[in-house]
Structure formats: structure tokens, C-alpha cells
Amino acid sequence: MKQNKEIQDRISALRGFMTQNGISAFIVPSTDPHSGEYVPEHWESRRWVSGFSGSAGTVVITTDKAGLWTDSRYFIQAEEQLQGTGFEMMKEDGPEAVNLIDWVVENMSINSTLGIDGTTFSISVAKQIEEAVAKKGIKLITDFCPFDKIYPDRPSRPLNKIFVHDEQIVGETVDSKTRRILEKVNEEGGEAIILSALDDIAWATNLRTANDIFFSPMFVSYLYLDKNRRILFVDSEKLTPAVEEHLQKYNFEVMPYESVYNFISTLSAETRLLIDPDKTSRSMFDNI
């Protein structure tokens with residue numbers, strides 16, 4: 001079998017970084033901080049480290065093993081793309097399915113450490129992993145972020161321009177949508193909400209973009225809403241004069257994308273903040 005040295009070198013670089021940080025195993029999902037299945041190139045770390053280009057898949061790398069889990073849509077493709085890489089394909093569904101979390105537990109020793117990048121795991125998924133590994137005395141680290149160190153030509157976050165989606169076509173104003181969102185937040189006992197899912201944010205703001213994610217009109221951002229403030233966390237390079245006018249019209253503040261965690265720290269401890277555990281990242285939860 002022909003060896004894929006490029007992928008093998010990437011695995012070696014990751015294992016070296018894991019060793020430096022006391023990490024025995026590392027999980028790399030296909031998602032981004034917004035729980036998307038289709039993600040900007042900046043967050044395609046699973047594809048970079050494995051060579052597998054399917055939209056759904058999860059990688060686990062230990063000190064001596066490397067596996068990629070994917071579903072039956074991609075079995076043939078994964079077998080072909082993983083040849084010579086050092087990765088073994090694991091079936092996520094069907095009669096030969098291998099449970100990823102069970103495999104991780106079985107292949108780690110007591111008192112070892114499992115690492116994840118908490119920005120790319122939802123609260124719900126991270127909790128499942130944490131509870132499962134804790135039964136064997138395995139510690140979960142949620143802030144292990146190696147790719148900025150080992151991925152030298154990693155694409156930057158997308159900075160494509162946003163545009164206003166004509167409200168005559170939409171049929172509802174941002175004011176109306178915001179009011180309806182906060183009514184539901186109040187019904188759930190909350191007084192504020194942070195939206196992480198990009199489709200939710202695009203809908204709520206009546207804004208769109210092209211090419212942040214291929215074949216998708218959604219743009220990378222976070223949105224905070226309460227009765228007094230509307231804050232869009234987005235890279236300023238993405239804003240056009242028309243979009244700035246739209247945001248001013250609806251009384252939005254604009255803050256840098258990466259400042260969302262700092263903003264959270266300014267909220268009162270009594271703030272009843274609503275988040276979706278299936279869409280909000282573990283890192284966001286840790287900061288809250």
C-alpha cells in the first residue's frame with residue numbers, strides 16, 4: 001500500500017503536541033463553534049489532519065492509534081481517502097458500527113487525559129463524553145487547541161461581505177423577529193439569549209453573505225439579545241455601508257467576533273441567560 005506521508009506527518013505533529021501537553025487522546029469533530037455540519041475552511045481541521053473530505057466524520061488520535069468515524073454515506077469514500085494515512089475507518093452506523101465514546105474509554109488508561117477543543121463541541125456532546133470517560137477516571141480537558149500551532153497554512157476566518165436580505169421579500173422586520181424571540185425567552189424564564197447557530201442569526205437579523213460556507217448564505221457571528229441591547233459579534237471587515245445602516249436602523253451594537261467571551265464576563269451574575277445546549281459550544285458554556 002502506498003504511504004501518505006503528508007497525512008502521517010500531520011499525525012506525528014499532532015501527537016508531538018499532545019505529548020508536550022500531557023494529552024493521551026484527542027477528538028477532532030467536523031463541526032465549528034456554531035455546531036454546523038458544513039463549515040468554513042478555517043474549521044476544517046478534521047479534514048486537514050485525516051485527508052477525509054466528507055462533510056460528516058470524527059477523528060480520534062491516541063499515542064498509537066488513529067481512527068475516523070463516519071456514516072454509511074461515506075464508507076467507500078473514506079476507505080479510499082484513508083489508504084496509507086495510518087487512519088482506520090470506523091463505521092458509525094450499520095451492523096458493524098463502533099461506538100466512538102466506548103472505543104475512547106477502552107483505549108485509554110485510568111488517570112489519563114482526553115483533550116478536545118471546546119469551541120467545536122456542543123454542550124450536550126461534551127457532557128456525554130465527560131460523563132462516560134469519568135467512569136474510568138479519565139480527565140477531560142476542554143481547551144486543547146493544537147491547530148493554530150501545528151497547521152502553519154491554516155485558512156483564516158472568512159471575511160466575506162454581508163448583505164441585507166430585502167425585507168419586502170422576507171416579509172418580517174428585525175424588530176418583529178426580535179420581539180418574538182424575546183417573548184419565547186421570557187416564557188422559558190430567561191431575560192437574555194445568546195444565539196450561536198448561524199441560520200438562527202441570519203434569520204433574526206435579515207442579513208446574509210456568500211461563501212463563508214460554500215452553498216450557504218449564513219455568516220460567521222454570534223448574537224446577543226435582551227430587552228435593552230442587541231449585539232452582533234462579527235468581524236468588522238464583513239460590514240458594508242448598507243449593512244451598517246441596517247444595523248443602526250435596528251439599534252444593533254457591533255462588537256468583534258472574538259470579544260463574545262469577554263462580553264459574557266461583563267454580565268451580571270443574576271442575568272438569566274438562555275442558551276441552546278445542542279447549538280452552544282462547551283467553551284461558551286465554560287465562559288458563562
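Student: Is R282 buried or exposed?
Tutor: This is a predicted model, where local features need pLDDT of at least 70 and side-chain atom pairs 80 or more, while totals for chains, interfaces and linings use all residues. Residues are numbered from 1 along each chain as its sequence is written, and side-chain values use heavy atoms, without hydrogens and water. The relative accessibility of R282 is 11%. Under 20% is buried, over 50% exposed, in between partly exposed (1.4 Å probe, protein chains only), so R282 is buried.

Student: Which residue forms a salt bridge with R282?
Tutor: A salt bridge puts a Lys or Arg side-chain nitrogen within 4 Å of an Asp or Glu carboxyl oxygen. Here the closest N and O atoms are 2.8 Å apart.

Student: How many residues apart are D286 and R282?
Tutor: Both lie in helix 12, residues 282-287. Helices are DSSP H or I runs of at least four residues, numbered from the N terminus. About one helical turn separates D286 and R282, because they are 4 residues apart.

Student: Which residues join D71 and R73 in one network?
Tutor: D71 and R73 meet through their side chains in a salt bridge, 2.9 Å from N to O. D71 is buried, at 12% relative accessibility. Salt bridges with shared partners bring in one further name, E37.

Student: What is the relative accessibility of R10?
Tutor: R10 and E6 form a salt bridge, 3.0 Å from N to O. Helix 1 (residues 5-20) holds both, 4 residues apart. R10 counts as buried, its relative accessibility being 17%.

Student: How many salt bridges are there by this rule?
Tutor: The pairs include E6 with R10 and D286 with R282. The count comes to 17.

Technical notes. Helices (H or I, at least four residues) and strands (E, at least two) are DSSP runs, numbered from the N terminus.
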